[in-house]
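Morning, everyone. Let's go through the disulfides and one surface patch. Here is the structure.

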Amino acid sequence: MPLLRWIRRLALLFLLAWAGLLLWGYAPKHPEDLPWTPLDLTKPIGAFTGRKLASVHGAHCRALLDRAGIGFTALPPMREDAECGYDDAVRLAPEGAAAIAFRPAGLGTSCPVAAGLALWEWHVVQPAALARFGQRVTGIDHFGSYSCRRMYGRKNGLWSEHARANAVDVAGFRLEDGRRIDVAADWNDHGAKGGFLHDVRDGGCRLFATMLSPDYNAAHRDHLHLDEAHRGAWGWRACR
């Protein structure tokens with residue numbers, strides 16, 4: 001038993017040493033990887049960025065957009081019924097730091113989704129486009145955000161995040177040279193287009209609470225579903 005006690009003590013010392021290195025060495029330089037530090041949209045994506053995004057709302061979220069130079073217009077609250085509507089929606093402005101144009105224009109989403117879209121552009125979409133095509137993305141085609149409906153359009157069951165403008169469905173991307181990458185047509189492509197779509201899906205999983213693609217089911221065969229459903233600091237997240 002003395003040997004077992006020494007092993008336990010050594011393990012405890014190792015854990016304490018590791019925690020010390022984390023707190024005094026790594027942590028100050030990488031606050032985005034710590035669960036207790038405040039969200040900063042000017043920092044790189046970290047281990048807890050997605051969970052922090054899903055938990056910010058209202059004036060706090062809009063202040064984060066301002067601080068990061070993300071142009072937006074706050075939308076007036078809208079209430080359709082007890083389950084449908086929004087109080088915290090914004091519309092990203094193409095003249096801001098997030099410069100991708102959404103097609104159709106005028107996309108309004110919840111503030112957390114807008115913040116996630118800006119980070120997705122900076123850290124995922126544009127780097128993937130430059131790596132795969134040597135050029136930037138100039139536009140994102142979408143199927144909208146707000147829709148007063150239940151999940152999968154069913155008559156019963158859970159309400160969709162779309163019912164609160166807390167989700168957006170992305171159908172495709174447009175490059176500087178005019179080429180279009182289409183989720184429905186190119187998801188299974190074995191070249192650059194398919195690789196790019198998988199890159200942006202995988203990268204989005206670090207930012208959005210739910211990131212669903214054609215790999216999930218037939219209902220998502222033609223789009224990527226992105227939402228910021230808040231399920232608590234340690235709640236489940238979906239990436240498929």
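Start with methionine 151. It counts as partly exposed because its relative accessibility is 32%. For these labels, buried means under 20% relative accessible area, exposed over 50%, and partly exposed in between, with a 1.4 Å probe and protein chains only.

Some ground rules. This is a predicted model, where local features need pLDDT of at least 70, side-chain atom pairs count only at pLDDT 80 or more, and totals for chains, interfaces and linings use all residues. Residues are numbered from 1 along each chain as its sequence is written, and side-chain values use heavy atoms, with hydrogens and water left out.

Where does methionine 151 sit? In the loop between β7 (137–142) and β8 (167–175). Helices (H or I, at least four residues) and strands (E, at least two) are DSSP runs, numbered from the N terminus.

Now the patch. Met151, Tyr152, Leu158 and Tyr216 make a nonpolar surface patch of about 380 Å². Patch residues have over 30% relative accessible area and no salt bridge; like charges are joined within 9 Å, nonpolar side chains (Val, Leu, Ile, Met, Phe, Trp, Tyr) within 5 Å. A salt bridge is a Lys or Arg side-chain nitrogen within 4 Å of an Asp or Glu carboxyl oxygen. Areas come from the Shrake-Rupley method with a 1.4 Å probe; for residues, only the protein chains shown count as cover.

On to the disulfides. How many are there? Three, taking a disulfide as a pair of cysteine sulfur atoms within 2.5 Å.

One joins cysteine 61 to cysteine 111, S to S 2.1 Å. The S-S torsion of cysteine 61 and cysteine 111 is about -95 degrees, so this disulfide is left-handed. Cysteine 61 is in helix α3 (residues 58–67) and cysteine 111 in helix α4 (residues 111–133), 50 residues apart. Both cysteine 61 and cysteine 111 are buried.

Next, cysteine 84 to cysteine 148, at 2.0 Å S to S. Cysteine 84 is in the loop between β2 (78–79) and β3 (85–86), and cysteine 148 in the loop between β7 and β8, so the pair ties together parts 64 residues apart in sequence. Here the torsion is about 80 degrees, so the disulfide is right-handed. Cysteine 84 is buried at 0%, whereas cysteine 148 is partly exposed at 28%.

Then cysteine 205 to cysteine 239, S to S 1.8 Å. Its torsion is about 70 degrees, so it is right-handed.

Finally, with the bonded cysteines numbered in sequence order, the pairing is 1-3, 2-4, 5-6.
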